Every structure is written in C-alpha cells, then in structure tokens.
Amino acid sequence: MTKKKGAVWKHWTIITQNQTESNKNNSHPTVQCNYCSRVLNRAVPARMQNHLDKECLGAPDNAKSKKNINLQGSTTSIIHIPTITPNTTHTNIPVKRIKITKTSKIENFVDRISEKEQDDLEFQLAQALFSAGVPFAFVENPLVIQFFKCLRPSFKLPNRRKLAGDLLNDVYDEVKLQTDEQISKAKTLCMVSD
C-alpha cells in the first residue's frame, strides 16, 4: 500500500524514480521545482515545502504554507522611487532612507510604476540605446529582459518595433527641438558633415 502524497508534490516534477535494492519504488525520488528549476536529489516533503516558503522567488502564494503567507503579509512595505523626466539631468537625486524595524526580505517589497514614469523610463532607455548605437533587437534578448526584471520588476521593456517607431520619433523630435534652440541662440554657425 502506497502513502498518499501531500499538496507540496503539485509544485514539483519527479525527474527520476529511485529504485531500492529490492526493486521497489523509493518514496524519495529526485525532483525539480516547477518555479525555479531547483533540483533536490532526495525529495522530502518538509525540505520541499521549506524551499517553496523561504528560497524560491517564483513560487506563488498557493505553493507556500499558510504560516509563511501570514508572516509575509505583515511585513510588506512599499518603496516610492523618484519620478524621472526626460528633459532634466539627474546627477544628485536625493534618496530617502527607509528604516525597517522588522526583519524582512526583499521579496516583500512592492514595486509600482505609473504610466508617466513608464513612458519617461522608455524615453531615457531609447536615448541611451540610440546614442550608443545599440541594435533595436537588444531589448528582446532574454538575458537583457531578465536583467531589467531584476533591476525594476514593474518596468516593462519596450519591444523593438516600439523602439524603432514611436520612441525613435519622440527622441528625434526632442533632439531636433534642442538643436533648433541652440542654433537660434548662436551668433555664428559652422557645420561639419561625415
């Protein structure tokens, strides 16, 4: 008679079924986490649940034990990040220090972004990529996407079509406006072409 598996097994994939000497199935196979690809050579439900509760960053709340969800909910904080506008230079942005009295993990913080801030960040990214001559396909590279998700999870990277279309036009208009302004202020003008 086999023992019924608990709810934690729904969040793991059995990779290999270990065999014992008497050729019966072992109750501790090698398993892989469905959310972060962590492999446990000997699947013990307590270790599997501990991984989901404390180590796995991608595990949803329904995979975590009830005790851990309640603890996480009580320490959640919100960080407000300063709004960045495309027409200003930011060399010395004051940073507000937040003192956290309870022990908390970085996963407990909520990162939110407004539509205006999303547009401003896209504009700044476009300016940086255009000035460096980076190909438009850069933003669709999986490692670049992963980097930006780690850097700022709420920021949605624009695709290459938006980069080559709307954002290129917006940056062009901004540069043209600044150039026209500089030319109108200048007493003399010398043009060099490559």
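Modeller: Rings of Phe, Tyr and Trp pair if their centres lie within 6.5 Å. Keep that cut-off in mind, and note that this is a predicted model.

Biologist: Which residues do ring pairs link into a cluster?

Modeller: Start with the search of the whole structure, which finds 3 aromatic pairs. Phe 147 and Phe 148 form an aromatic pair, 5.6 Å centre to centre. The ring centres of Phe 148 and Phe 155 are 6.1 Å apart. The cluster linked by ring pairs is Phe 147, Phe 148 and Phe 155.

Biologist: Is the pair of Phe 148 and Phe 155 stacked, edge-to-face or tilted?

Modeller: Planes under 30 degrees apart count as stacked, and over 60 as edge-to-face. The planes of Phe 148 and Phe 155 stand at 50 degrees, so this pair is tilted.

Biologist: What about Phe 147 and Phe 148: what is the angle between the planes?

Modeller: This pair is edge-to-face. That label needs an angle over 60 degrees. The angle between the planes of Phe 147 and Phe 148 is 80 degrees.

Biologist: Is Phe 148 buried or exposed?

Modeller: Buried means under 20% relative accessible area. Phe 148 has 16%, so Phe 148 is buried. Phe 155 is buried too. For Phe 148, the word is buried.

Biologist: Which side chain makes a polar contact with the side chain of Gln 118?

Modeller: Gln 118 lies in helix 3, residues 115–132. Gln 118 has a relative accessible area of 10%, so this residue is buried. A polar atom of its side chain lies 2.6 Å from the backbone oxygen of Lys 156. The side-chain partner, at 2.9 Å, is Glu 122.

Biologist: Now the strands. Which residue in strand 3 stands opposite Gln 32?

Modeller: Strand 1 (residues 12–16) and strand 2 (residues 30–33) run antiparallel, joined by 4 bridges. There, Thr 13 stands opposite Gln 32. Strand 2 also pairs with strand 3 (residues 39–40) in the antiparallel sense, over 2 bridges. In strand 3, the residue opposite Gln 32 is Val 39.

Biologist: Which residue in the turn of the hairpin has a positive phi?

Modeller: The hairpin is formed by strand 2 and strand 3, with 5 residues between them. In that turn, one phi is about 65 degrees. The residue is Ser 37.

Biologist: What is the area of the nonpolar surface patch with Ile 183?

Modeller: Ile 183 has its place in helix 5, residues 160–185. Its relative accessibility is 42%, so Ile 183 counts as partly exposed. Ile 183, Leu 189 and Met 191 make the patch, and its area is about 360 Å².

Conventions. Residues numbered from 1 in each chain as written. Predicted model: local features only at pLDDT ≥ 70, side-chain atom pairs only at ≥ 80, totals over all residues. Heavy atoms only, no water. Pairing = 2+ DSSP bridges. Patch = residues over 30% accessible without salt bridge, like charges linked within 9 Å, V, L, I, M, F, W, Y side chains within 5 Å. Areas by Shrake-Rupley, 256 points an atom, 1.4 Å probe, with all protein chains shown as cover. Salt bridge = Lys/Arg side-chain N within 4 Å of Asp/Glu carboxyl O. Buried < 20%, exposed > 50% of the residue type's maximum accessible area, 1.4 Å probe, protein only. Phe/Tyr/Trp six-rings, centres within 6.5 Å; stacked < 30°, edge-to-face > 60°. Polar contact = N/O pair within 3.5 Å; in protein donor to acceptor, adjacent residues only side chain to side chain.
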